[in-house]
Amino acid sequence: MAFKKSSNKLSQAAILKHIMKRCSSLGKKQQQHNDDVPKGHFVVYVGESRSRYVIPISFLSRPEFQNLLQRAEEEFGFDHDMGLTIPCEEQVFESLTSLIA
């Protein structure tokens with residue numbers, strides 16, 4: 001069982017690394033849209049209307065946020081030019097981020 005736990009942790013680390021790389025490349029492609037993104041933060045799009053949120057990178061280490069990222073990967077994947085899209089209602093996302101902050 002320890003092997004499975006270690007493997008799971010490794011895959012989460014790989015996912016986070018991929019997300020950070022993806023966010024970094026999106027920032028380069030869409031520099032004009034990311035002028036308001038402070039260092040240590042990144043942009044996600046949430047809900048059906050794809051509302052834009054700027055959140056701290058530190059959220060990536062939180063289990064609650066990792067769950068949202070796994071759902072995003074399952075639904076949208078990470079290989080598109082739209083930015084990181086979170087499949088979640090805006091009110092739920094705002095509640096979650098206010099609890100994490």
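**Exercise 1. The loop between β1 and β2**

R50 lies in the loop between β1 and β2. Work out what its backbone angle and its accessibility show.

*Solution.* First, the ground rules. This is a predicted model, in which local features need pLDDT of at least 70, side-chain atom pairs count only at pLDDT 80 or more, and totals for chains, interfaces and linings use all residues. Residues are numbered from 1 along each chain as its sequence is written, and side-chain values use heavy atoms, with hydrogens and water left out.

Step 1. Read phi. R50 has a phi near 55°, a positive value in a residue other than glycine. Most residues other than glycine have a negative phi.

Step 2. Read the accessibility. R50 counts as partly exposed because its relative accessibility is 31%. The scale is this: buried means under 20% relative accessible area, exposed over 50%, and partly exposed in between (1.4 Å probe, protein chains only).

Step 3. Look at the turn. β1 and β2 form a hairpin with four residues between them. G47, in the turn, also has a positive phi, of about 80°.

**Exercise 2. The whole chain**

Describe the layout of the protein chain, from its elements to its surface.

*Solution.* Step 1. Count the elements. There are three helices and three strands. Both are DSSP runs numbered from the N terminus: helices are H or I with at least four residues, strands are E with at least two.

Step 1. Follow the order. Along the sequence the pattern is α-β-β-α-β-α.

Step 2. Of the 101 residues, 35% count as buried. A contact means heavy atoms within 4.5 Å. Among contacts with a separation of 6 or more, 51% come from residues 24 or more positions apart.

Step 3. Check the surface. The chain exposes about 6,800 Å², and carbon and sulfur atoms supply 55% of it. These areas come from the Shrake-Rupley method with a 1.4 Å probe; for residues, only the protein chains shown count as cover.

**Exercise 3. Strand pairing**

Which strands pair with β1, and in which sense?

*Solution.* Step 1. Two strands pair if DSSP finds at least two bridges between them.

Step 1. Take β2. β1 and β2 pair in the antiparallel sense over six bridges. V43 has V54 in β2 as its bridge partner.

Step 2. Take β3. Three bridges join β1 to β3, and these strands run parallel. Here V44 stands opposite L84 in β3.

Step 3. Judge the cover. β1 is largely enclosed by the rest of the structure, because five of its six residues are buried. F42 lies in β1. F42 is buried, with a relative accessible area of 5%. The C-alpha atoms of F42 and Y53 are separated by 8.2 Å, though the residues are eleven apart along the chain.

Step 4. Turn to the faces of β2. S51, Y53 and I55 make up the covered face. R52, V54 and P56 make up the uncovered one.

**Exercise 4. Side-chain contacts**

How many salt bridges are there, and where does the side chain of Q66 make a polar contact?

*Solution.* Step 1. Apply the rule. A salt bridge is a side-chain nitrogen of Lys or Arg within 4 Å of a carboxyl oxygen of Asp or Glu. The count is one.

Step 1. Name the pair. The side chains of E64 and R62 meet at 3.4 Å, N to O. E64 counts as partly exposed at 34% relative accessibility, and R62 counts as partly exposed at 31%.

Step 2. Go to Q66. Q66 is in helix α2. Q66 counts as buried at 15% relative accessibility. A polar atom of its side chain lies 3.1 Å from the backbone oxygen of L60. A polar contact is a pair of N or O atoms within 3.5 Å; within protein, one must be able to donate a hydrogen and the other to accept it, and residues adjacent in sequence count only if both atoms are side-chain atoms.
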